[in-house]
Amino acid sequence: MLVNSEKIDWTNVKTEVETLYSSIPTITLDLYKLDIAKEDILGFNKEFDNLTIVVNQNKKEETLNQLSKLYDYIPKFIENTTK
């Protein structure tokens, strides 16, 4: 949707991000219950906040960078849940 397209459907991207954003409180609580490091949870939430900002500004490159930063947290979360 963002990588190969010259014309981006920002309305759709914003809708998807807003849908995920509404789940952040639940995700945060679940991560705390799994004893994930507090700094990782807070960092993830901060990066997701940054994602919503750049998406609302229709900034393609910054959006991709923020998505990359968010994906960096996934291995950390998985590693901590498989111990």
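The model is predicted, so local features need pLDDT of at least 70 and side-chain atom pairs count only at pLDDT 80 or more, while totals for chains, interfaces and linings use all residues. Residues are numbered from 1 along each chain as its sequence is written, and side-chain values use heavy atoms, with hydrogens and water left out.

Let's begin with α3 (residues 38–56) and α4 (residues 60–81). Helices here are DSSP runs of H or I with at least four residues, and strands are E runs of at least two, numbered from the N terminus. The axes of α3 and α4 come within 9 Å and cross at roughly 160 degrees. That makes α3 roughly antiparallel to α4. For the angles, under 35 degrees counts as roughly parallel, over 145 as roughly antiparallel, 65 to 115 as roughly perpendicular and the rest as oblique. The axes themselves are lines fitted to C-alpha atoms, for helices over the stretch in contact, and the angles run from 0 to 180 degrees between N-to-C directions. The crossing of α3 with α4 is left-handed, meaning that the near helix is turned anticlockwise from the far one by less than a right angle; clockwise would be right-handed.

Who does the touching? On the α3 side, the contact (heavy atoms within 4.5 Å) is made by D40, G43, F44, E47, F48, N50, L51, V54 and V55. Across from them in α4 sit E62, T63, Q66, L67, K69, L70, Y73, K76, F77 and N80. Sorted by class, the residues of this contact come out as nine nonpolar, five polar and five charged. Ala, Val, Leu, Ile, Met, Phe, Trp, Tyr, Cys and Pro count as nonpolar, Asp, Glu, Lys and Arg as charged, and the others, Gly among them, as polar.

Buried means under 20% relative accessible area, exposed over 50%, and partly exposed in between, using a 1.4 Å probe and protein chains only. Leaving aside neighbours within four places in sequence, D40 is in contact with Y73, K76, F77 and N80. E39 and L64 are 25 residues apart in sequence, and their C-alpha atoms lie 23 Å apart in space. Further along α3 is I53, which is partly exposed with a relative accessible area of 47%. The C-alpha atoms of I53 and T63 are ten residues apart along the chain and separated by 8.8 Å.

Now for α1 (10–21). The axes of α1 and α3 come within 10 Å and cross at roughly 160 degrees, so these two helices are roughly antiparallel as well. Their crossing is left-handed. From α1, the residues W10, V13, K14, V17, E18, L20 and Y21 meet F48, D49, L51, T52, V55 and N56 of α3. By class, that contact holds eight nonpolar, two polar and three charged residues.

That leaves α2 (residues 24–33). The axes of α2 and α3 come within 10 Å and cross at roughly 165 degrees, so α2 and α3 are roughly antiparallel to each other. This time the crossing is right-handed. I24, T28, L31 and Y32 of α2 make the contact with K38, I41, L42, F44, N45 and F48 of α3. The class count for α2 with α3 is seven nonpolar, two polar and one charged.

I24, T28 and L31 are buried. Down the axis of α2, the buried residues fall within an arc of 65 degrees (taken from the directions from the helix axis to the C-beta atoms), so they line one face of the helix. They pack against α1, α3 and α4. The face turned away from this buried side carries the exposed residues P25, L29 and K33. After α2 comes D35, with a positive phi near 60 degrees.

Which residues does N45 contact, once its neighbours within four places in sequence are set aside? They are I24 and T28. N45 belongs to α3 and is buried, with a relative accessible area of 15%.
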